[in-house]
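Try each task before you read its solution.

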Amino acid sequence: MSAPQSAARIELHTDEHGGVSVVVDDQPQSYVLPSDPGMLGFEYVQHMAAVLDLLPPGRLGVTHVGGAGLTLARYVQHTRPGSPQIVLEPDEALTAEVRRVLPLPRGHRVRVRPVTGEEGILALHSAAADALVLDAFAGGSVPAALTTLEFLTQVRRVLRPSGVFLANLPDEPGMRFVARVAAAAGEAGLTHRVLVATHDVLKGRRFGNVVLVASPEPIDVAELRRALTRSPFPTGVRADVGSWCSAVKPSTAAEPALSPTAPTAKGWRVR
């Protein structure tokens with residue numbers, strides 16, 4: 001049987017430390033250091049991990065929409081062994097190449113399903129996940145269908161009452177895309193929301209990754225801020241998300257929010 005083919009150009013680059021960067025269509029997607037799954041190269045992945053670390057001790061049920069190098073799934077397995085995890089990743093060729101070069105550790109409970117996020121979430125049981133992580137890209141942008149009120153209503157269904165939704169939402173200064181997704185999350189019942197990003201991104205100085213943290217239950221912002229002080233990147237938390245996006249039209253299937261693509265490197269910072 002031949003290996004699955006991908007429409008995307010997939011490259012895995014190994015550095016001098018033994019770490020592997022997963023690059024799809026010239027866009028870095030993941031970084032994995034096989035000898036240390038706790039080493040998270042991308043700042044937004046560190047921000048997501050900090051939120052997961054604050055959840056109650058023990059195994060976590062985590063659903064990941066978007067797989068790539070399975071960096072965060074490896075981290076959860078490393079920090080909370082035996083956690084049942086589902087990954088919704090439609091690119092079978094990408095998954096096959098990642099698992100060939102970067103096999104998952106023995107005893108893992110990570111199951112990769114070759115479906116899109118919007119297809120896969122419909123098959124998930126209600127109140128089954130402690131966390132649902134959205135970190136998916138196609139053509140350099142977040143697929144519009146994964147940021148709508150309709151999709152986020154399914155996210156709310158899949159999450160347990162105390163569950164948390166984490167979304168990697170790259171945006172430009174002004175964060176209009178993030179605002180529309182945050183508004184949709186609120187309407188879907190994920191009424192408690194904060195944003196986590198490096199200070200320069202939160203202050204609108206450059207394009208960058210913003211993590212939307214949303215939950216049906218209150219988020220301990222003070223505890224999250226304390227946890228993020230350990231980040232090697234100067235990181236902030238925006239806690240006024242509800243009022244900030246209250247007048248914003250939420251992203252819907254009829255009028256989805258469009259994720260901006262990353263600019264050239266010299267255009268990332270506002271002077």
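**Exercise 1: An enclosed helix**

Task: In this predicted model, list the buried residues of α6, then say why α6 counts as largely enclosed.

Solution. 
Step 1. Apply the cut-off: buried means under 20% relative accessible area.
Step 2. List the residues that pass. They are Phe177, Val178, Ala179, Arg180, Val181, Ala182, Ala183, Ala184, Ala185 and Gly186.
Step 3. Draw the conclusion. Ten of the twelve residues of α6 are buried, so the rest of the structure largely encloses this helix.
Step 4. Find the cover. It includes the helices α5 (149-158) and α9 (241-244), along with the strands β8 (159-171), β9 (192-198) and β10 (208-215).

**Exercise 2: Length and end**

Task: Compare the span of α6 with the expected value, then look just past the helix.

Solution. 
Step 1. Helix α6 covers residues 176-187, twelve residues.
Step 2. From first C-alpha to last, α6 reaches 17 Å, close to the expected 16 Å.
Step 3. Just after α6 comes Gly189, with a positive phi of about 105°.

**Exercise 3: The nonpolar cores**

Task: Which residues touch the most other members of the largest nonpolar core?

Solution. 
Step 1. This core has 41 residues. Leu132, Leu152, Val155, Phe165, Leu195 and Leu212 touch the most other members.
Step 2. Ask what supplies the core. Several elements each give at least two residues, among them β5 (85-88), β7 (129-134) and α7 (199-202). Helix α6 gives the most, with eight residues.
Step 3. Look for another core. A second, separate one has 26 residues, including Met48, Val62, Val76 and Val211.

Terms used
Residues numbered from 1 in each chain as written. Predicted model: local features only at pLDDT ≥ 70, side-chain atom pairs only at ≥ 80, totals over all residues. Heavy atoms only, no water. Helix = DSSP H or I, 4+ residues; strand = E, 2+ residues; numbered from the N terminus. Expected span 1.5 Å × (residues − 1). Buried < 20%, exposed > 50% of the residue type's maximum accessible area, 1.4 Å probe, protein only. Contact = heavy atoms within 4.5 Å. Core = buried A, V, L, I, M, F, W, Y, C linked by side-chain atoms within 4.5 Å.
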